[in-house]
Amino acid sequence: LASNHSFGLGRGKVFPAEHAQSLLSPLRRLLDAPRDVVHRMRLAAGDRVLEVGSGPGYFSPELARAVPGGSLVLFDLQAPMLSLARQRLEHAPNVEYAQGDAARLPFADRSFDAALLVYVLGEVPDRDACARELSRILRPGGSATFVETWRDSDFVRFARLDKLLGRHGFTLAERRGWLGYTARFQLSAAP
Ligand SMILES: C[S@@+](CC[C@H](N)C(=O)[O-])C[C@H]1O[C@@H](n2cnc3c(N)ncnc32)[C@H](O)[C@@H]1O
């Protein structure tokens, strides 16, 4: 793993795989219903989707079901997170897994229609690089959806996110909530 990452539950630290089970708690449905988040992504059945920082795949079964004619790639810095997600998604035929850093995505230009980042961006030291990479791997007109909450030690305020993404050719398409929000941004269709 890259040396600029530190692991732990505090601000700016990468959420450690040892705590992965807490992300799969059934109580989480009350706050972060996967169906609602996936619905807000406005996916088409044939879309190719990238979930950055998927962790153990709490949202992933719902995402995989939303693109039956497309595919879902789960991407995370920590291999143990991806192993847990793989167990959870055992029977999903349209899911692939890749390990690496969100600041350097190992994917071709314009290779995805949509991306999802839930409670991830605040853990990435170089957020500018992450936004630049998202603008590179998405097709023009593609979308990136972010879920953030003030309850997370790594909370990224909406105004900050909006400014960051604006610098990389994204504009806000839809936002729900404020201190706990889901925001979908669209990449400019112009080259
Ligand atoms: C708080 S967890 C959230 C996991 C999942 N999105 C969820 O909501 O259940 C953050 C995840 O982002 C991953 N992550 C943190 N920094 C990353 C980076 N630079 N590149 C890729 N993944 C990263 C962590 O390994 C962890 O699995």
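Contact, as used below, means heavy atoms within 4.5 Å. The model in these exercises is predicted.

**Exercise 1. Helix α5**

Task: Find which residues of helix α5 are buried, and name elements that cover them.

Solution:
- Step 1. Helix α5 spans residues 127–137.
- Step 2. Its buried residues are A129, C130, A131, E133, L134 and I137.
- Step 3. The cover over these buried residues includes the strands β1 (48–52), β4, β5 (138–149) and β6 (170–176), together with helix α6 (158–166).

**Exercise 2. Strands β4 and β5**

Task: State how β4 and β5 run relative to each other, parallel or antiparallel, and how many bridges join them.

Solution:
- Step 1. β4 takes in residues 112–118.
- Step 2. The two strands run parallel, and six bridges join them.
- Step 3. As one example of the pairing, L116 has T145 in β5 as its bridge partner.
- Step 4. β5 is mostly covered, with 10 of its 12 residues buried.

**Exercise 3. Residue D113**

Task: Decide whether D113 is buried or exposed, and describe what its side chain reaches.

Solution:
- Step 1. D113 is part of strand β4.
- Step 2. Buried means under 20% relative accessible area. D113 has 18% relative accessibility, so it counts as buried.
- Step 3. The D113 side chain reaches the backbone nitrogen of R48 at 2.7 Å.
- Step 4. With neighbours within four places in sequence left aside, D113 is in contact with G46, D47, R48, L138, R139, G142 and S143.

**Exercise 4. Helix α4**

Task: Explain why the buried residues of α4 line one face of the helix.

Solution:
- Step 1. In α4 (residues 79–88), the buried residues are M81, L82 and A85.
- Step 2. Viewed down the helix axis, these buried residues fall within an arc of 95 degrees, so they line one face of α4.
- Step 3. The elements covering them include α1 (20–23), β2 (71–76) and β3 (95–99).

**Exercise 5. The ligand**

Task: Which residues come nearest to the ligand, and how much of the ligand does the protein bury?

Solution:
- Step 1. There are 22 residues around the ligand, and R28, G53, D76, Q78 and A102 come nearest.
- Step 2. For D76, an N or O atom of the side chain is 2.6 Å from an oxygen atom of the ligand.
- Step 3. For L77, a backbone N or O atom lies 3.2 Å from a ligand nitrogen atom.
- Step 4. For V118, a polar backbone atom is 2.9 Å from a nitrogen atom of the ligand.
- Step 5. The ligand taken alone exposes 590 Å², and the protein buries 99% of that.

Key:
Residues are numbered from 1 along each chain as its sequence is written. This is a predicted model: local features need pLDDT of at least 70, side-chain atom pairs count only at pLDDT 80 or more; totals for chains, interfaces and linings use all residues. Side-chain values use heavy atoms; hydrogens and water are left out. Buried means under 20% relative accessible area, exposed over 50%, partly exposed in between (1.4 Å probe, protein chains only). Helices (H or I, at least four residues) and strands (E, at least two) are DSSP runs, numbered from the N terminus. The arc is that of the directions from the helix axis to the C-beta atoms. A polar contact is a pair of N or O atoms within 3.5 Å; within protein, one must be able to donate a hydrogen and the other to accept it, and residues adjacent in sequence count only if both atoms are side-chain atoms. A residue is near a molecule or strand if one of its heavy atoms lies within 4 Å of it. Accessible areas come from the Shrake-Rupley method with a 1.4 Å probe; for residues, only the protein chains shown count as cover. Two strands pair if DSSP finds at least two bridges between them.
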